[in-house]
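Have a look at the sequence and the structure first.

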Amino acid sequence: NKHVVTVQNSGALSENYSANNEGFGINSTRDRLNIIYSGKAGFEIYPLGDNAVEVKIIMPVVRIPATI
């Protein structure tokens, strides 16, 4: 099972954007997801036409044992 958070926003990716040339914010988000979810989470960003961008964050469902 997984949670998927999808956000769409107006705007465009930088002309210099590539998976090998991501900025600090995107890299930091990927790093934090990897640390928190032991590499089982994902982060995707891509353009939707000329003036929109979509981001998807995929996180595993983590079950926390109940405590009394």
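What follows covers the strand pairing, the turn and loop, and the nonpolar core.

Keep in mind that this is a predicted model. Let's start with the sheet. Strand E3 (residues 52–60) pairs with strand E1 (residues 2–10), and E3 also pairs with strand E2 (residues 42–47). Here's how the two pairings line up:

| Pair | Sense | Bridges | A facing pair of residues |
|---|---|---|---|
| E1 and E3 | antiparallel | nine bridges | histidine 3 and methionine 59 |
| E2 and E3 | antiparallel | six bridges | phenylalanine 43 and isoleucine 57 |

E2 and E3 also make a hairpin, with four residues between them. Glycine 49 sits in that turn and has a positive phi of about 80°.

There's another positive phi to check, this time at a residue that isn't a glycine: serine 38, at about 50°. You'll find serine 38 in the loop between helix H1 (24–36) and E2. Its relative accessible area is 60%, so serine 38 counts as exposed, the cut-off being over 50%.

Now for the inside. The largest nonpolar core is made up of nine residues: Ile26, Leu33, Tyr37, Ala41, Phe43, Ile45, Val53, Val55 and Met59.

Key: Residues numbered from 1 in each chain as written. Predicted model: local features only at pLDDT ≥ 70, side-chain atom pairs only at ≥ 80, totals over all residues. Heavy atoms only, no water. Pairing = 2+ DSSP bridges. Helix = DSSP H or I, 4+ residues; strand = E, 2+ residues; numbered from the N terminus. Buried < 20%, exposed > 50% of the residue type's maximum accessible area, 1.4 Å probe, protein only. Core = buried A, V, L, I, M, F, W, Y, C linked by side-chain atoms within 4.5 Å.
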